[in-house]
Amino acid sequence: MKSFAEINDTNEVIRVLVISDSDAPDEETGIAFCKELYGGTWLETSYEIRKNKASPGNIWDPVREAFLLPKPFPSWTLDETTCRWKAPISYSGSSDRYYWDEENTQWVSP
């Protein structure tokens, strides 16, 4: 099974389809299959070939050839290796109950 993301003219992911290997033995054939069914612009998506697996609302970055999540906060920067957003201060807490305080640019426990 392979996944294909439809992107609009601003490179935002509209939807993602999972296609059987018989209908998508390679990216080119899978794209043609999706276009035949729905029209539009399609790309194969997976962690291995596009750094992140696409979801609706993600952005396709053709320069990095990667799907990016929307930037969560203005102070965060993109890790060029993983194409994931990073806080200016690494999270080192032992709990998942912290949240990012953008005004003070720090992790805060509720």
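This note goes through the sheet, the salt bridges and the aromatic pairs of a predicted model.

1. **The three-stranded sheet.** Three strands form an open sheet, ordered β2-β1-β3. The pairing is antiparallel. β2 and β3 (41–45) are the edge strands, and each of them pairs on one side only. Direction ignored, neighbouring strands of this sheet are turned by 30 degrees against each other on average.

2. **β1 against β3.** These two strands pair in the antiparallel sense, over five bridges. Look at E6 for a point of reference: its bridge partner in β3 is W42.

3. **The helix on the sheet.** α1 packs on this sheet and touches β1, β2 and β3. The direction of α1 makes about 140 degrees with that of β3.

4. **Salt bridges, and K2 with D21.** How many salt bridges does the model hold? The count comes to five. In one of them, the side chains of K2 and D21 meet at 4.0 Å, N to O. This pair links distant parts of the chain, 19 residues apart. K2 lies in strand β1 (residues 2–7), and D21 in the loop between β2 (13–19) and α1 (27–38). K2 counts as buried, at 19% relative accessibility. Note the cut-off here: buried means under 20%. D21 is partly exposed, with a relative accessible area of 41%.

5. **R15, with two partners.** R15 forms a salt bridge with E6; the closest N and O atoms are 2.6 Å apart. R15 is partly exposed, at 29% relative accessible area. E6 counts as buried, at 8%. The charged end of R15 also sits over the ring of Y38, 4.3 Å from the ring centre.

6. **E27 and R50, helix to helix.** E27 and R50 form a salt bridge whose closest N and O atoms are 2.3 Å apart. The pair links distant parts of the chain. E27 is in helix α1 and R50 in helix α2 (residues 47–50), 23 residues apart. E27 is partly exposed, at 26%.

7. **A salt-bridge network.** D61, R64 and E80 are linked with one another in a network of salt bridges.

8. **Aromatic pairs, and W60 with F67.** The count of aromatic pairs comes to nine. W60 and F67 form one that is tilted, with 4.9 Å centre to centre and 50 degrees between the planes. W60 is buried, with a relative accessible area of 9%. F67 is buried too, at 0%.

9. **W76 and W100.** This aromatic pair is edge-to-face. The centres are 5.8 Å apart, with 80 degrees between the planes. Planes over 60 degrees apart count as edge-to-face, which is why the pair gets that label. Where do the two residues sit in the chain? W76 is in the loop between β5 (66–68) and β6 (77–79), whereas W100 is in strand β8 (residues 99–101). They are 24 residues apart, and the pair links distant parts of the chain. Both W76 and W100 are buried.

10. **The aromatic cluster.** W76 and W100 also belong to one aromatic cluster.

Key
Residues are numbered from 1 along each chain as its sequence is written. This is a predicted model: local features need pLDDT of at least 70, side-chain atom pairs count only at pLDDT 80 or more; totals for chains, interfaces and linings use all residues. Side-chain values use heavy atoms; hydrogens and water are left out. Rings of Phe, Tyr and Trp (its six-membered ring) pair if their centres lie within 6.5 Å; planes under 30 degrees apart count as stacked, over 60 as edge-to-face and the rest as tilted. Buried means under 20% relative accessible area, exposed over 50%, partly exposed in between (1.4 Å probe, protein chains only). Helices (H or I, at least four residues) and strands (E, at least two) are DSSP runs, numbered from the N terminus. A charge sits over a ring if NZ of Lys or CZ of Arg is within 6 Å of the ring centre and within 35 degrees of the ring normal. Two strands pair if DSSP finds at least two bridges between them. Axes are lines fitted to C-alpha atoms, for helices over the stretch in contact, and angles run from 0 to 180 degrees between N-to-C directions. Contact means heavy atoms within 4.5 Å.
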